[in-house]
Amino acid sequence: MATFQLHRTDHPAPDAEREAVVADPVFGKHFTDHMAVADYTEGRGWHDLRIVATDDFRLHPAAAVLHYGQEIFEGLKAYRHADGSVWLFRPERNASRFVSSAHRLEMAPFPEEAFLASLHELVELEQAWVPQGDGEQSLYLRPFQIANEPYLGVREAKNYIYGLLATPVGAYYPAPVKLWVTKNFTRAAPGGTGTAKCGGNYAASLAAANEAAAHGCGQVLYLDGAEHRWLEECGTMNFMMVTSDGELVTPALGSILEGVTRDSLLRLAVDHDLRPVERQISIDELRDGVASGRVVETFACGTAAVITPIVGFNSPEHGEQQVGDGEPGPVTQALRAHLLDIQYGRAEDVHGWMRKVC
């Protein structure tokens, strides 16, 4: 396995400061003392794999990432179990998706072995930053890659930086949300970058999120870009619905991100007497199903949020619509608890998803 050379910081956070952050983490605000870094140079490949003090990058003003957006990232978590051990959840899925995203943006793919090694070595070094599991706290990991070649011209870059940051976090979406069904914005389209986890997708989502907030909704529900008829994603998460006849239904892949949490929930469905279904879902089917009671629960899922209950929808054409009694449903809560129990070591990991770090 690849090894990252360790260069310890001369200025680690004082114990009291670190303990205060870990005891009450704020998502994405405080970072561990160290980060993992590697460089790619055309003709040399990936080199200088290292763990160094978390610090600023130096970039030439003509760095390709600043002008042409060659950037990808991932998101996953390290969980502390009751016995004090620290674990990762399905990191190989993130490693594989990171490579796929690199190919879509014509970037040099970071080897999966090195990706996994960076996670294990940084988390093991910074294990004191991993919170206790109370309140869904964890250490969020952000692998990313940017094009840093100074060049003004539309072509793929020849130099890249890989980085891995770690930040203690709590729950991302602490409460259920209503979704705004936007007709003004789309998340992706066939042949676009919707299947890649790249920064441009998220920058483009900000206007839609603000539109949703202006209409009293916590997130946005995207429809497809061609017909504005088929459900795709909600905000930065995958969408799922539970039907009265025992189906767990989610939009089929094709132009949306293949979520790790999405895949995990589809595999857990049978444990909850649900039939997992991946297919197109129209907005009319969703509205009619909620009105008739055939759609009994809806939720969003992703690494940061795990599962966020969706208790209603709002749109300019149809106004507000409540799902069920407007409260998180029992299936949503059971699936959420089941996945968290696996991640925090409270339930048997029959699928072999967890990877021990230390």
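A patch groups residues with over 30% relative accessible area and no salt bridge, joining like charges within 9 Å and nonpolar side chains (Val, Leu, Ile, Met, Phe, Trp, Tyr) within 5 Å. The model is predicted: local features need pLDDT of at least 70, side-chain atom pairs count only at pLDDT 80 or more, and totals for chains, interfaces and linings use all residues. Residues are numbered from 1 along each chain as its sequence is written, and side-chain values use heavy atoms, without hydrogens and water.

Select Phe57, Leu59 and Leu66. These residues form a nonpolar surface patch with about 250 Å² of accessible area together (Shrake-Rupley method, 1.4 Å probe, only the protein chains shown counting as cover for residues). Leu59 sits in the loop between strand S3 (45-53) and helix H2 (64-68); helices (H or I, at least four residues) and strands (E, at least two) are DSSP runs numbered from the N terminus.

Next, select Asp39 and Arg50. They form a salt bridge, with the closest N and O atoms 2.9 Å apart (a side-chain nitrogen of Lys or Arg within 4 Å of a carboxyl oxygen of Asp or Glu). Asp39 belongs to strand S2 (residues 34-41) and Arg50 to strand S3, so the pair ties together parts eleven residues apart in sequence. Asp39 is buried, at 16% relative accessible area, while Arg50 is partly exposed at 21% (buried is under 20%, exposed over 50%, partly exposed in between; 1.4 Å probe, protein chains only).

Then go to Glu74 and Arg97, whose side chains meet in a salt bridge (2.7 Å, N to O). Both Glu74 and Arg97 are buried.
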